[in-house]
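Q: I'd like to learn how to read a model like this one. Could you take me through it feature by feature?

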Amino acid sequence: MTYTIEKKEVSVEVTLNITAEEWAKHCDEAFNKNKGKYSVPGFRKGHVPRRILENMYGKEFLYDEALDLCFGNYYGEALDSDKSVEVLSYPTLNEFNVQEDGSVVVKAEAPVKPEVKLGAYTGLEIVKTDATVTEEEVEAELKRTLDKYAGMVNIEDRPVEDGDTVTIDYSGSVDGVAFEGGTAENQKLVIGSNTFIPGFEPQLIGMNVGEEKDINVKFPEEYHAEELKGKDSVFHIKLHKIEKKEVPELTDEFAADISEFDSKEAYIDDIRKRMTESKQKRAETLDENKLVDLITANAEVPESRFLIEREMDYYLGDFERMLNGQGITMDQYAKYTNQTKEQIRETNRERAVIEVKTQLVIDAVIEKENLTATEEQKQAMLESHAKEAGKDVEAYKAELPAEATGYIARQATVKNFFDFVKSHNSFVEGKEEVAAETAEQAKDAE
């Protein structure tokens, strides 16, 4: 047997030339392996002469089995001869021909990892994301915190104002006839929330507890109930209760009650510190992503249909597991959203294209700069995971599924990649000319 290997952008085609003698031998093996399956009148089962079966079914009846017996070995031998070929999946049989002299030509094609042509991945400048925490942001966070401790107080000495929470009975009618869903008792409503149809809430302002009155409103033309669209209606209202949210004042005493700090100034400083740390962490991640996006844009990467389709399958599988965790099947979700499973899968194509290209570029830099994680680095990553889980390293390792070891090794290698690109590129403070240059670089690369 001889072979040739033709490398293409995203696949490799292996041509196997099997001699007539080799092919005859494999056909003999196929016959001896399967002759017990055949039964012909006048012959005992398993003792039918091969020529009889060939006359009945043709010589081709052995070909599939003969190919199964020899293809794996021959194909593997061909691939083993060229270590640069990284096959990603089982091959597809493109051609199978038995020649006049009894020899056989087999052509099989399999997807391979595309060859990436890296562009510039060092010496780049990335404009740092602004991680400044403004006083307005601190005030907003403080307000959200104080709102958690807010309570409702009854109001009895004044009428309804904007922002109040009221408890009402109401009954609605159109042309004097009550309509379905237009009646409720002890309904809570925040004035100004725009929960009810336009014009309803403002007409409650000024009412006092115990008061009843009619209000006139018009249903919107786009209202969900067909029979009420654009209709004039009357609602009879009875007001039972007025409440107002009371937000506590931030004092030294209150700060001490809800935190470890003895003064409101120290409590606010801690909020500012935590917000700054969080914003800086997000900004660092954004800047890393901008750098990787630029490195990826600078590279030339053939589009691999196989890798993209596989990535889409991963996304769909993750989504289905998420749905199942919520007690929803994929079929139910598809029905709810009026989509097919394939349409749901297809929504991730653009994302998959970007992810595949990015990972291929990262792998290319890792290979070129020899950034594959050492055993010590893998162990350090494992120890980091164990620490986060609050477990002893050996106990944590014993609990890991088999595939997790490879995942942790990959994490350690990717960490090396980020350490490398961050140390060989510049993150600069916001400068318009640098920002424009960075954008132009990415545009030109595309």
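A: Let's start with burial: buried means under 20% relative accessible area, exposed over 50%, and partly exposed in between, with a 1.4 Å probe and protein chains only. By that rule Y121 is buried, and F420 is buried too. Keep in mind that this is a predicted model, where local features need pLDDT of at least 70 and side-chain atom pairs count only at pLDDT 80 or more, while totals for chains, interfaces and linings use all residues. Residues are numbered from 1 along each chain as its sequence is written, and side-chain values use heavy atoms, with hydrogens and water left out.

Q: How many aromatic pairs does the structure hold?

A: Rings of Phe, Tyr and Trp (its six-membered ring) pair if their centres lie within 6.5 Å; planes under 30 degrees apart are stacked, over 60 edge-to-face, and the rest tilted. The structure holds 20 such pairs. Y121 and F420 make a tilted one, with 6.4 Å centre to centre and 40 degrees between the planes.

Q: Where in the chain do Y121 and F420 sit?

A: Helices (H or I, at least four residues) and strands (E, at least two) are DSSP runs numbered from the N terminus. Y121 is in the loop between strand 4 (104–111) and strand 5 (125–127), and F420 is in helix 13 (residues 402–423), so the pair links distant parts of the chain, 299 residues apart. There's also an edge-to-face pair, F417 with F418, at 5.2 Å centre to centre and 75 degrees between the planes. F417 counts as buried because its relative accessibility is 1%.

Q: Which residues form one aromatic cluster?

A: That cluster is made up of Y170, F179, F196, F200, F219, Y223 and F235.

Q: Which strands pair with strand 7?

A: Two strands pair if DSSP finds at least two bridges between them. Strand 7 (165–174) pairs antiparallel with strand 8 (residues 177–190) over eight bridges, and nine bridges join strand 7 to strand 10 (residues 232–246), also antiparallel. For example, V174 has V177 of strand 8 as its bridge partner, and S173 has V234 of strand 10. The hairpin of strands 7 and 8 has two residues between the strands, and there D175 takes a positive phi near 55 degrees. Nine of the ten residues of strand 7 are buried, so the strand is largely enclosed by the rest of the structure.

Q: Why does the length of helix 10 agree with what it should span?

A: The expected span is 1.5 Å times one less than the number of residues. Helix 10 (residues 349–368) has 20 residues and should span 28 Å; its end C-alpha atoms are 29 Å apart, which agrees. Its buried residues include A352, V356, L360 and I366, and what covers the buried residues includes helix 6, helix 7 (305–325) and helix 13.

Q: What does the largest nonpolar core look like, in residues and elements?

A: A nonpolar core is a set of buried Ala, Val, Leu, Ile, Met, Phe, Trp, Tyr and Cys residues joined through side-chain atoms within 4.5 Å. In soluble globular proteins, nonpolar side chains tend to be buried together. Here the largest core has 30 residues, and L16, I18, W23, F71, Y75 and V106 have the most contacts inside it. Helix 3 (63–80) is among the elements giving two or more residues, and its nine residues are the largest share.

Terms used
Contact = heavy atoms within 4.5 Å.
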